[in-house]
Structures are given as C-alpha cells and as structure tokens.
Amino acid sequence: MQNLLSELKAIVGSAHVLTEGDLSAWTQDWRKRTSGKALAVVRPACTDEVARVVKACAEFLTQHPDSGLSVVPQGGNTGLVVGSTPDESGRQIVLSLQRLNAVRNIDAANLTMTVEAGCILQTVQEQAQAAGFWFPLSLAAEGSCTIGGNLGTNAGGTQVLRFGNTRDLCLGLEVVTPQGEVWQGLSGLRKDNTGYDLKNLYIGAEGTLGIITAATLKLYPSPKAQLTAWAAVPSMEAAVRLLGMAHQHLGASLTGFELMGQFALSLVAKHFSNLRVPLYRSNAFCVLLENADAESEAHARAQLEGLLEAALEAGCVTDAVVAENLTQAQSLWQIRESIPLAQAQEGLNIKHDISVPVSAMAAFVAGTDALLAQAIPHVRLVNFGHLGDGNLHYNVQAPEGQDAAVFLREQEVHVNRIVFDAVQAHGGSISAEHGVGSLKVDHLTHYKSPVALHTMRAIKQALDPQNLLNPGRVVRAH
Ligand SMILES: Cc1cc2nc3c(=O)[nH]c(=O)nc-3n(C[C@H](O)[C@H](O)[C@H](O)COP(=O)(O)OP(=O)(O)OC[C@H]3O[C@@H](n4cnc5c(N)ncnc54)[C@H](O)[C@@H]3O)c2cc1C
C-alpha cells in the first residue's frame with residue numbers, strides 16, 4: 001500500500017495525505033459511537049484531484065483484489081448513522097471533500113447557485129443571502145455539515161414541508177464515478193426528460209455510488225418577513241389538527257412545523273437553565289411554527305394570529321405566543337435545537353428517526369408509547385421532530401435512575417423491534433432523514449422489500465462492481 005500512498009501524495013501533495021497524529025476528527029463518528037482506523041485521510045483540492053485519487057485506488061484494487069482497499073467519502077462528518085468514518089481494518093482511505101469549498105457561480109436570472117461539495121451549509125446560506133436570495137435548507141448541524149454530505153444523505157431539516165428534502169433543492173451534479181471518471185451534470189435545468197435521472201441516483205446514496213464534487217442548487221427570493229410562533233397543544237391528535245389548519249391558513253407561507261414532547265422540553269429546561277421554555281409544564285406537546293411571508297411583517301403577523309385564534313377556538317391549541325422580534329424567534333428555535341444536546345446530557349438513549357404518514361401519526365405514537373410502557377415500566381420518551389413532514393425523532397430513554405449504558409445493552413434490540421414493527425405497520429420508514437450508513441444496514445434487510453433490496457444491489461453492482469466506494473453502507477453487496 002506504500003506505493004499507492006506515494007501516488008496519492010503525488011496527486012494532492014504530501015501535506016494532504018494524513019497518516020499520522022490525531023486523525024479522530026475524520027475517524028470517529030459525530031455521536032462517538034464508533035472509532036475507526038484509516039489507511040490515510042486524503043484531502044484533494046479540486047474535482048480533477050478527486051478523480052485521479054479514485055482512479056489510482058480503482059487501479060490498485062484491480063491489481064490487488066485481496067487488499068481490502070476502499071474509499072469512504074466524507075464531508076463535515078456530522079452524519080448520524082456511521083456512514084462517513086472508516087472501519088477498523090486500516091485499509092480504507094477517507095476522502096475528505098472539505099477543500100473543495102468554492103462557490104463557483106450564482107445565476108440570478110435562473111435562480112441557481114453552483115457550489116463545490118465541501119462548502120459548509122451555513123456558507124451556502126450566507127452567500128445566497130448576500131446575493132439577495134434564500135437557500136432554505138436548514139438543520140442544526142449547518143455550521144459544520146457540507147452540501148456534499150447533505151446531498152449524500154438527502155438531508156431534511158426544518159423547511160422540508162415547504163421546500164422538500166435536499167434532493168428537491170438540487171438541479172444538477174458533478175460526480176466522480178467509482179472508476180475515476182467525471183460525470184458533468186451541472187445543469188441548472190428545471191426540465192430535462194432525457195432518460196434515467198442520474199442525479200437522483202447519487203443523491204441519498206451516501207457515497208456508495210459516486211463522489212459528488214459540485215452541485216447546482218435552487219435559490220428562492222428572500223421572504224419579506226419570517227415570523228415564529230410557539231403553541232401548546234394537549235395531544236398528538238390536536239397537533240395534527242393544528243397542522244391541517246396551518247396549511248389552510250398559511251398556504252405556501254408555512255415553512256416550519258416542529259413538534260416537541262413535554263419530556264423533551266423538560267430536559268432542555270433541566271440542562272439549559274439559561275433558556276426559558278414556555279408553556280410546556282401542563283401540555284403534552286408544544287409546536288413551533290414558522291410563517292415566511294412574501295408581503296410584509298404586518299401581513300405575516302395577522303395571518304399567524306388568525307390561525308392561532310381559530311386553533312384556540314377549535315380546542316387544538318391551549319395557549320400560544322408569537323415572537324415579537326428576531327431575538328425572541330431565535331430563542332424559541334434555540335430551545336428546539338437544544339433538545340438533541342439536552343437528551344445527550346441526560347444519558348445515552350435509543351434513537352429512532354422515523355416517518356409515517358401524518359394521518360397515521362397519532363395512532364402510531366399512542367400505540368407505540370403503550371407497547372413500550374408495557375415492555376419497560378417507567379420508560380421515558382424523548383419525542384420531537386418535523387411533524388409537518390410526518391417525521392419524528394422517537395427516542396427511548398432509560399427509566400430515571402437506571403444506568404444508560406446497561407439500558408442500551410439490554411434493551412436496544414427489543415426496543416428497535418417494537419418501534420420499527422409499529423412503523424412498518426403504519427406504512428412508515430425506519431429512516432426518514434438521517435440515512436442508513438452502517439447503523440441501519442441490517443434493519444433495512446429486514447424492513448425493505450426483497451424486490452427493493454435486489455434492485456438496490458443491482459444498481460450498486462452495475463455502478464461500482466469493485467465495491468470500492470463506502471462498502472457495507474446502505475446495502476451490502478451480497
Ligand atoms: C446536531 C445535528 C443535527 C442534525 N440535524 C439533521 C436534520 O435536521 N435533518 C437531517 O436530515 N439530518 C440532520 N443531521 C444529520 C445529517 O445527515 C448531517 O448533518 C448532514 O447532512 C451530513 O453532512 P456532512 O457534510 O457532515 O456529511 P458526512 O457526515 O461527512 O457524510 C454523510 C454521508 O454522506 C456521504 N458523503 C459525504 N460527502 C459526500 C460527497 N461529497 N459525495 C458523496 N457522498 C458524500 C458520506 O460517505 C456519508 O455516507 C444532523 C446532524 C447533527 C450532528
């Protein structure tokens with residue numbers, strides 16, 4: 001393998017082939033569940049270098065089929081399903097896209113921007129805003145995740161109910177294939193029915209079919225006003241009814257509808273005493289709504305207040321506040337975004353990122369809550385997520401006082417089975433937005449249909465017959 005490393009150094013420069021020192025930023029996953037060992041972390045600076053690196057690896061693998069060499073594409077390494085870090089073999093190259101971070105072009109008339117894969121999401125948002133536009137993809141990791149990783153996982157976030165997943169925000173891609181060729185698909189076209197949609201094959205493939213090096217993204221006009229409201233709701237049924245009313249009252253202006261369970265909010269209040277969490281003590285759930293209005297702040301406020309009045313009258317909201325200014329709105333969003341950290345401080349829990357049709361949500365939650373309470377008396381549920389998309393982070397925490405590690409060891413398999421069986425029974429998905437990575441590969445085998453799995457394997461085999469890119473992630477080759 002030394003010859004290969006020398007070749008890679010000749011391509012990207014010795015300083016960008018890392019083999020020694022503390023490589024944990026690239027080899028440990030964000031949740032610190034696993035820590036791998038890389039043959040090297042390779043940091044190319046441009047598409048041509050990515051292509052030459054992949055080609056060198058593919059040729060090496062042809063000559064040494066038993067070497068176990070493979071390549072793990074990596075962006076910001078914030079993924080939550082262990083898909084961007086190497087295994088323990090020491091035979092995987094981590095190919096970091098972080099140096100491909102240029103904004104190549106903003107086309108104002110076409111409402112598009114073309115950016116390289118390593119651009120940090122927040123930078124993309126800021127550059128769009130500086131040009132007078134809005135790039136609406138938004139998630140709590142936006143300060144460190146990259147657009148390549150967002151596309152690789154088809155990330156969701158808080159604006160999906162209006163703008164869709166990352167897939168819906170992308171018009172074109174540039175991709176390095178597992179053979180080291182470059183597919184130049186950076187079109188800004190909104191219409192192009194010329195055969196199979198290759199772009200959508202690579203998006204959400206988690207680096208198993210190709211390496212995204214650049215993307216053409218959709219831009220939107222900046223809204224005139226973005227108003228946030230916080231509403232207390234007595235039950236999941238009420239939350240779903242409020243969502244229906246919000247669609248009716250706000251139409252396309254409704255850009256966020258986030259649900260937070262009482263226990264999840266109590267953890268924020270407990271672990272972040274600087275944050276004032278409103279209205280949660282006597283309500284089963286709270287909802288954060290966002291109204292992005294094209295007219296004016298006064299119009300946005302009147303719309304939102306009209307909705308909340310109607311919802312109070314209908315009994316699906318018990319109390320509500322509309323943020324008076326940006327600072328208040330940011331504080332409300334900060335509460336929502338602090339839930340993952342608050343639950344981490346409370347101790348490890350069993351995480352699920354599930355989706356079911358919105359119409360099935362109340363039945364899913366009632367049924368699954370009851371099954372878990374029966375199986376594990378006093379179990380605690382950290383329930384929050386993007387209700388507007390039918391997506392919940394339905395996390396299961398040990399009963400108070402019980403050791404979290406022991407709980408995980410003893411209950412994880414059982415709890416996963418209860419939750420995933422219920423998801424399937426309600427026509428849902430066991431991974432709504434985080435992807436499959438290596439954490440959910442085995443679950444997928446169980447819950448995805450044999451026809452779907454067979455087709456996915458056939459695609460992987462056709463595009464990457466050497467199994468060079470991110471093997472063992474998403475779908476096993478055999
Ligand atoms: C605090 C926090 C909040 C989050 N909130 C959300 C949320 O609301 N919604 C949501 O959907 N996700 C969320 N996530 C997870 C989400 O998947 C990631 O934050 C983000 O999309 C991954 O980007 P990344 O650059 O860090 O990718 P990485 O973690 O580096 O990689 C993720 C996957 O994509 C592949 N990949 C990376 N770059 C490329 C590329 N250029 N070409 C091909 N494949 C590539 C990797 O191989 C890996 O399989 C959150 C994560 C954190 C830590």
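A polar contact here is a pair of N or O atoms within 3.5 Å; within protein, one atom must be able to donate a hydrogen and the other to accept it, and residues adjacent in sequence count only if both atoms are side-chain atoms. This is a predicted model, where local features need pLDDT of at least 70 and side-chain atom pairs count only at pLDDT 80 or more, while totals for chains, interfaces and linings use all residues. Residues are numbered from 1 along each chain as its sequence is written, and side-chain values use heavy atoms, with hydrogens and water left out.

Start with the ligand. A polar side-chain atom of Asn470 sits 3.2 Å from a ligand oxygen atom, and for Asn150 the corresponding distance to an oxygen atom of the ligand is 3.0 Å. Gly157 uses a polar backbone atom, 3.3 Å from a nitrogen atom of the ligand. Taken alone, the ligand exposes 970 Å², and the protein buries 95% of that (areas by the Shrake-Rupley method, 1.4 Å probe).

How many residues surround the ligand? There are 34, and the closest are Pro73, Thr78, Gly79, Thr146 and Gly156 (a residue counts if one of its heavy atoms lies within 4 Å). They divide into 12 nonpolar, 20 polar and two charged, with Gly counted as polar. Helix 5 (147–153) is one of the elements that supply at least two residues, and its four are the largest share. Helices are DSSP runs of H or I, at least four residues, and strands are runs of E, at least two, numbered from the N terminus.

Next, the second largest pocket, with a volume of about 820 Å³. Of its 25 lining residues, the closest to the centre are Trp134, Ser138, Glu142, Gln226 and Glu290. On a 1 Å grid over the protein atoms alone, a pocket is an open set of points where a 1.4 Å probe fits, with protein on both sides within 12 Å along at least five of seven lines; lining residues have an atom within 4 Å of a point. A volume is the space filled by probe spheres set on the points, which are joined across faces, edges and corners. Helix 11 gives five residues, the largest share of the lining.

Last, Arg33 and Glu412 form a salt bridge, with their closest N and O atoms 3.6 Å apart (the rule: a side-chain nitrogen of Lys or Arg within 4 Å of a carboxyl oxygen of Asp or Glu). The two residues are 379 residues apart in the chain.
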